Amino acid sequence: MNELTLTDVEQDMLDGGRGPGVAMAMRMVVALARVLGAQQLLPITNAHIDSCLYHGQAGLDFAQKLADLGATVSVPTTLNTSSLDLLHPGLVRLPPEDAVPARALMDAYRALGARATWTCAPYQSTERPAFGEDIAWAESNAIVFANSVLGARTERYGDFIDICAAITGRVPHAGLHLPERRNPTVELDCSALSLAMLGHEAVWAALGDVVGRQSGTGIPLLTGIDPSVVDEDKLKALGATAASSGGVALFHVAGVTPEARSAGNDPAWTGLPTVAITAEMLRGARDELSSGADFSLPLDAVALGTPHFSLREFEKLAVALEGTVPFHPGCTVWINTSREVLAQAQEAGFVQAAQDRGAKIVVDTCTYITPILRPEERTVMTPSGKWAWYAPMNIGVDVVFGTLHECLSSARTGKVVRDERQWS
């Protein structure tokens with residue numbers, strides 16, 4: 001195996017010529033490169049940091065150590081969801097022994113020069129990477145969206161290495177940064193799915209659940225989908241759930257995603273093992289994502305916006321609420337979003353209708369990773385496959401998975417409402 005070769009600039013970083021903080025970060029990047037067998041490092045143009053969510057003292061010590069050593073990010077860097085909602089103090093019910101260090105962790109990453117976006121959906125920002133850019137993004141749904149929908153190139157970076165890449169501006173020349181590692185490995189034929197069914201984001205989340213289970217850590221190519229029914233919110237739902245049920249970091253949709261459009265007659269994209277995807281498989285995914293819930297019990301809450309609600313989703317919600325009654329007083333509708341998108345949605349007039357009917361807005365964090373739901377909120381409905389995957393484990397609730405329209409009908413009545421026509 002060839003040894004890792006560093007440029008003069010990279011060697012200077014490693015030797016401490018750019019300061020001890022940069023040297024500490026470079027040691028991490030070089031160690032990862034050697035584990036991956038990379039022969040060189042690769043400059044990046046952007047980073048997204050997941051390690052700003054407080055998991056314990058070690059994470060805080062690491063960030064503060066880098067800051068104390070004088071390190072700062074060298075590329076535009078955004079921050080993932082944190083443990084607190086700074087715009088709505090008191091909403092998160094963390095005890096002081098966790099809330100204080102969680103806030104200190106947020107401050108440490110700001111001191112390192114990262115932008116205080118506090119969102120799991122940095123791709124909703126007006127500033128986002130372009131096709132072909134090499135970046136270092138953490139957070140599974142952001143990774144799969146960047147690779148698949150934007151056509152940018154990132155590996156599955158996680159906590160600690162994400163900020164080290166941002167500081168050094170380098171990642172190993174390996175994995176999904178290499179064009180030959182981005183070819184599809186399996187074809188998933190979706191031609192049996194109806195256009196009406198594919199009109200619902202939640203159906204795409206259920207499709208993502210199936211895609212993740214069928215693909216594992218492979219790269220699926222979805223075929224047989226009319227491009228006219230596809231938008232970014234549906235691809236967001238697909239990718240987020242596929243990265244939860246499997247290890248999908250990149251998918252292609254024929255005629256839709258950028259690399260699929262440019263593949264042409266590339267022989268690497270033909271003759272793949274093929275799996276036929278059926279409506280029955282998606283209904284099965286819906287039912288599995290609803291495990292644990294007793295539909296006869298009152299519905300306590302609805303969770304929207306995981307990954308964070310987009311401006312277009314706010315617009316669709318406002319349209320869906322026109323002429324409807326307030327939500328049931330026993331059912332709270334929670335909407336997770338970023339502060340940047342919230343400001344845009346408020347300016348456009350898309351938020352008030354939901355708040356007038358009793359919805360509550362959460363920013364900077366998410367309802368499935370920190371204590372926001374009240375203890376009595378035990379049965380929760382969501383159109384988010386990712387929320388359905390993780391909330392039972394993280395916060396101990398029973399989940400009902402359904403489309404947005406099913407969620408809104410249920411929120412108005414205070415009990416689970418199903419519409420099987422949306423799943424056929």
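## A first tour of the model

The protein holds 15 helices and 14 strands, where helices (H or I, at least four residues) and strands (E, at least two) are DSSP runs numbered from the N terminus. This is a predicted model, in which local features need pLDDT of at least 70 and side-chain atom pairs count only at pLDDT 80 or more, while totals for chains, interfaces and linings use all residues. Residues are numbered from 1 along each chain as its sequence is written, and side-chain values use heavy atoms, with hydrogens and water left out.

### Overall form

Along its principal axes, the C-alpha trace spans about 65 × 55 × 35 Å. A compact globule of 424 residues would have a radius of gyration near 22 Å, and the protein agrees, with 22 Å. That radius is taken over C-alpha atoms, and the globule rule is 2.2 Å times the number of residues to the power 0.38.

Of the 424 residues, 58% are buried; buried means under 20% relative accessible area, exposed over 50%, and partly exposed in between (1.4 Å probe, protein chains only). Among contacts (heavy atoms within 4.5 Å) with a separation of 6 or more, 77% join residues 24 or more positions apart.

Two strands pair if DSSP finds at least two bridges between them.

| Strand pair | Bridges | Facing residues |
|---|---|---|
| β6 (residues 186-189) and β7 (residues 220-223) | 4 | E187 and L221 |
| β6 and β9 (residues 274-276) | 3 | D189 and A276 |
| β11 (residues 332-337) and β12 | 4 | I335 and I361 |

From β6 the chain passes through helix α7 (residues 201-215) to β7, in a right-handed β-α-β crossover. Right-handed here says that, with the strands pointing away from the viewer, the path from the first strand over the helix to the second runs clockwise.

### An open sheet

Five strands form an open sheet in the order β12-β11-β10-β13-β14, with parallel pairing. β12 (360-363) and β14 (398-401) are at the edges with a single partner strand each, so one side of each has no neighbour in the sheet. On average, neighbouring strands of this sheet are turned by 25° against each other, direction ignored.

T379 belongs to β13 (residues 379-382). Is T379 buried or exposed? T379 counts as buried because its relative accessibility is 4%. Leaving aside neighbours within four places in sequence, T379 is in contact with P298, L299, D300, A301, D398 and V400.

### Where two helices meet

Helices α8 (residues 232-245) and α14 (residues 385-395) have axes that come within 7 Å and cross at roughly 35°. Axes are lines fitted to C-alpha atoms, for helices over the stretch in contact, and angles run from 0 to 180 degrees between N-to-C directions. On the α8 side, the contact is made by A240, T241, A243, S244 and S245, and on the α14 side by G385, K386, W389 and Y390.

G239 also lies in α8 and is buried, with a relative accessible area of 0%. Beyond its neighbours within four places in sequence, G239 is in contact with V144 and F251.
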